[in-house]
Amino acid sequence: MDRSWMRANRLSTEYRHGVMEFLQFAESNAELECPPPEFPPLFLCPCIFCANKEPKRTKKEIMNHLICDGICQNYTQWIWHGEVVATPSVSQRESGSVDIDDRLEDMMRDIGEDPFKRAHVYETLCSDKDEPLYPGCTNFTRLSAVLKLFNLKAKNGWTDKSFTELGWFYEDRGVR
């Protein structure tokens, strides 16, 4: 389904038509999961304020929210409204992975010291590149672990929120 309407002016016919198609899509997928109830079905609202969080709303409420407030621009895979997203198989994921440890030196050399020094991070990167993740760890340095996590985030489509919550998990355990 075309999602270009999501970036259109909310007062345009294109946007209103896209909202109606989105709501029809959500309703048709809800009917596939279970037969229509006696009351109108309720859905999560993808407007910028509700952001697909509870409470669920009627189609009319969602239409008003989307037209008045706009849709979350990063909600491009409508998983909360019945869209099935294909996940790559293990072999596809593995083929795209890069051995980060072999590339750290190259990346830092390619960029050069000056940009890092201006950003006041060069010394930190250099020390994190050599410092073990934890005492006795031989598999990861602090920098390689962070880069591995960012690689996983990008490869698996983790949201910024989920990644931030992962950091919160480690901060509660005293890990910097």
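Guide: Trp5 and Trp78 are both buried. Keep in mind that this is a predicted model.

Visitor: OK. How many aromatic pairs does the structure hold?

Guide: There are four aromatic pairs. One of them is Trp5 with Trp78, a tilted pair with 6.4 Å centre to centre and 55 degrees between the planes. That pair links distant parts of the chain, with Trp5 in the segment before α1 and Trp78 in the loop between α2 and α3, 73 residues apart.

Visitor: And how do the rings of Phe22 and Trp78 sit?

Guide: Their centres are 4.8 Å apart and their planes are at 85 degrees, so the pair counts as edge-to-face. Phe22 is in helix α1 while Trp78 is in the loop between α2 and α3, so this pair ties together parts 56 residues apart in sequence.

Visitor: Is Phe22 buried or exposed?

Guide: Buried, because its relative accessibility is 0%. Trp78 also counts as buried, because the value there is 0%.

Visitor: Which residues do the ring pairs link into a cluster?

Guide: Trp5, Tyr15, Phe22, Phe25 and Trp78.

Visitor: What sits over the ring of Trp78?

Guide: The charged end of Arg3 does, at 3.9 Å from the ring centre. So Trp78 has that charge over its ring, a tilted partner in Trp5 and an edge-to-face partner in Phe22.

Visitor: Switching to the backbone. Where is the cis peptide bond?

Guide: It runs from Glu54 to Pro55, with omega near 5 degrees. Pro55 belongs to the loop between α1 (13-33) and α2 (59-68). As background, most peptide bonds are trans.

Visitor: What about phi at Ala51?

Guide: Phi of Ala51 is positive, near 50 degrees, and the residue is not a glycine. Ala51 is in the loop between α1 and α2. Asn52 is in the loop between α1 and α2 as well, and it has a positive phi of about 60 degrees, again without being a glycine.

Visitor: Why flag those?

Guide: Because most residues other than glycine have a negative phi.

Visitor: Does Ala51 count as buried or partly exposed?

Guide: Partly exposed, because its relative accessibility is 28%. Asn52, on the other hand, counts as buried, because its relative accessibility is 12%. The cut-off for buried is under 20%.

Visitor: Now the outside. Which residues form a nonpolar patch on the surface?

Guide: Leu133, Tyr134 and Phe140, with about 280 Å² of accessible area together. Tyr134 is in the loop between α6 (122-130) and α7 (142-156).

Visitor: Last one, about Ser144. Where is it, and is it buried or exposed?

Guide: Ser144 is in helix α7. It counts as buried, because its relative accessibility is 2%.

Visitor: And what lies 2.8 Å from a polar atom of the Ser144 side chain?

Guide: The backbone nitrogen of Thr141.

Key. Residues numbered from 1 in each chain as written. Predicted model: local features only at pLDDT ≥ 70, side-chain atom pairs only at ≥ 80, totals over all residues. Heavy atoms only, no water. Helix = DSSP H or I, 4+ residues; strand = E, 2+ residues; numbered from the N terminus. Buried < 20%, exposed > 50% of the residue type's maximum accessible area, 1.4 Å probe, protein only. Patch = residues over 30% accessible without salt bridge, like charges linked within 9 Å, V, L, I, M, F, W, Y side chains within 5 Å. Areas by Shrake-Rupley, 256 points an atom, 1.4 Å probe, with all protein chains shown as cover. Salt bridge = Lys/Arg side-chain N within 4 Å of Asp/Glu carboxyl O. Polar contact = N/O pair within 3.5 Å; in protein donor to acceptor, adjacent residues only side chain to side chain. Phe/Tyr/Trp six-rings, centres within 6.5 Å; stacked < 30°, edge-to-face > 60°. Lys NZ or Arg CZ within 6 Å of the ring centre and 35° of its normal.
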